[in-house]
Amino acid sequence: MSLNQLIENCKINDTKAQGELYKLYASKLFSICLKYSRNYAEAEDNLQDAFLTIFDKIKQYKGKGSFEGWIKRITINTVLQQYRGEKVFDIVTDTISEEAEIEIENDDISLKYLLKIIQELPGRYRLVFNLYVLDGYSHKDISEMLNITVGTSKSNLARARQILKQTIENYRTQQQLQSL
């Protein structure tokens, strides 16, 4: 069955088509949920919520633009929605003049470790870091999505980078000490 036919069948609440669409996109959307969630279990819950929203809104998809892009945006918005009710964004009074640059050599640090330390960032920093660095949103877009100022977005990104840089430096030092 073609993707267009699958989408049309989902629009009429065909559960078999919904199951096929889930199988087709679950792993891609789960990786998005994992990036923005605090842990694995929360990511699983967010994936289910995202699919419920996708199936609820699929009639609004008119075939313009990428379907995958459309469901990715719904997934990100679904995950971010849970943070809108929480106070995860503090007013930052200190200014950070430089963005921390993180240098990673090819075999220096594993992707699994990088994802782990990104996931361990405080919520406000993790969200902005992921949206800006991993998904390519602008600070203006992030400010609108998270209902924060552009300055807060920039400050949270800079702080996330500082935390990651320090964590990586600590990791490298620990690895060097263990090799002695």
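This is a predicted model: local features need pLDDT of at least 70, side-chain atom pairs count only at pLDDT 80 or more; totals for chains, interfaces and linings use all residues.
## Overall fold

The protein chain contains eight helices and zero strands. Along the sequence, the pattern reads α-α-α-α-α-α-α-α.

Of the 180 residues in the protein chain, 39% are buried. Among contacts with a separation of 6 or more, 69% are between residues 24 or more positions apart. The protein chain exposes about 10,900 Å², and carbon and sulfur atoms supply 48% of that area.

Ala50 belongs to helix 3, which covers residues 40-57. Ala50 has a relative accessible area of 0%, so this residue counts as buried. Leaving out residues up to four places away in sequence, Ala50 touches Ile74, Thr75 and Thr78. The C-alpha atoms of Ala50 and Ile71 are 8.4 Å apart, and these two residues are separated by 21 residues along the chain.

Lys11 is found in helix 1, residues 3-11. Is Lys11 buried or exposed? Lys11 is classed as buried because its relative accessibility is 17%, and the cut-off for buried is under 20%. With neighbours within four places in sequence set aside, Lys11 is in contact with Ile58, Lys59 and Tyr61.

## A network around Glu68

The count of salt bridges comes to eight. Which residues are linked with Glu68 in a network of salt bridges? The network joins Lys28, Glu68 and Lys72.

In the salt bridge between Glu68 and Lys28, the closest N and O atoms are 3.3 Å apart. This pair links distant parts of the chain: Glu68 lies in helix 4 (residues 67-84) and Lys28 in helix 2 (residues 15-36), 40 residues apart. The salt bridge between the side chains of Glu68 and Lys72 has an N to O distance of 3.2 Å. Both Glu68 and Lys72 sit in helix 4, four residues apart, which is about one turn of the helix.

Glu68 is partly exposed, at 22% relative accessibility. Lys72 is also partly exposed, at 30%, and Lys28 is partly exposed with a relative accessible area of 40%.

Lys140 and Glu144 form a salt bridge through their side chains, with 2.9 Å from N to O. Both residues belong to helix 7 (residues 139-146), and they are four residues apart, about one turn of the helix. Glu144 has a relative accessible area of 52%, so Glu144 counts as exposed; the cut-off for exposed is over 50%.

Conventions. Residues are numbered from 1 along each chain as its sequence is written. Side-chain values use heavy atoms; hydrogens and water are left out. Helices (H or I, at least four residues) and strands (E, at least two) are DSSP runs, numbered from the N terminus. Buried means under 20% relative accessible area, exposed over 50%, partly exposed in between (1.4 Å probe, protein chains only). Contact means heavy atoms within 4.5 Å. Accessible areas come from the Shrake-Rupley method with a 1.4 Å probe; for residues, only the protein chains shown count as cover. A salt bridge is a side-chain nitrogen of Lys or Arg within 4 Å of a carboxyl oxygen of Asp or Glu.
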